[in-house]
Amino acid sequence: MELITYKTNISSEAALRRVKPYLDHAVGQANWQLDLCISDKKLTVFSPGCINETRVIKAIRQAGYRAVNIDDYYSIY
């Protein structure tokens, strides 16, 4: 099982509703979770197989938002 966490700029329920169809299509409805209650707005994507990070980031961009792999984000700073 693979698990990847992203830092996003998705900050409201309305934004989450806009992103949902893109993520559902990219990784499957039951394979992601977004926590709007914390400052990083963490998106967790999990899969029994391999996750295509490019596909996840592209889906979020198509909805008009940004996402960065949290490991990459913290390695920059």
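Colleague: At roughly what angle do the axes of α1 and α2 cross?
Modeller: This is a predicted model: local features need pLDDT of at least 70, side-chain atom pairs count only at pLDDT 80 or more, and totals for chains, interfaces and linings use all residues. Residues are numbered from 1 along each chain as its sequence is written, and side-chain values use heavy atoms, leaving out hydrogens and water. Helices are DSSP runs of H or I, at least four residues, numbered from the N terminus; axes are lines fitted to C-alpha atoms, for helices over the stretch in contact, and angles run from 0 to 180 degrees between N-to-C directions. The axes of α1 and α2 come within 8 Å and cross at roughly 155°.

Colleague: Are α1 and α2 roughly parallel or roughly antiparallel?
Modeller: Under 35 degrees counts as roughly parallel, over 145 as roughly antiparallel, 65 to 115 as roughly perpendicular, and the rest as oblique. The two axes cross at roughly 155°. The helices α1 and α2 are therefore roughly antiparallel.

Colleague: Which residues of α2 does α1 meet?
Modeller: Contact means heavy atoms within 4.5 Å. From α1 come Val19, Tyr22, Leu23, His25, Ala26 and Val27. They meet Arg55, Val56, Ala59, Ile60 and Gln62.

Colleague: Which strands stand at the edges of the sheet?
Modeller: Strands are DSSP runs of E, at least two residues, and two of them pair if DSSP finds at least two bridges between them. The open sheet has four strands in the order β2-β3-β1-β4, with antiparallel pairing. Each edge strand has a single partner, so one side is left without a neighbour in the sheet. The edge strands are β2 and β4.

Colleague: Which strands does α1 touch?
Modeller: Helix α1 (residues 13-27) packs on the sheet. Its direction makes about 160° with that of β2. The strands touched by α1 are β2 and β3.

Colleague: Is Lys7 buried or exposed?
Modeller: Lys7 lies in strand β1 (residues 2-8). Buried means under 20% relative accessible area, exposed over 50%, partly exposed in between (1.4 Å probe, protein chains only). At 19% relative accessibility, Lys7 counts as buried.

Colleague: How far apart in space are Thr54 and Ser39?
Modeller: Thr54 lies in helix α2 and counts as exposed, at 61% relative accessibility. In sequence, Thr54 and Ser39 are 15 residues apart. In space, C-alpha to C-alpha, they are apart by 23 Å.
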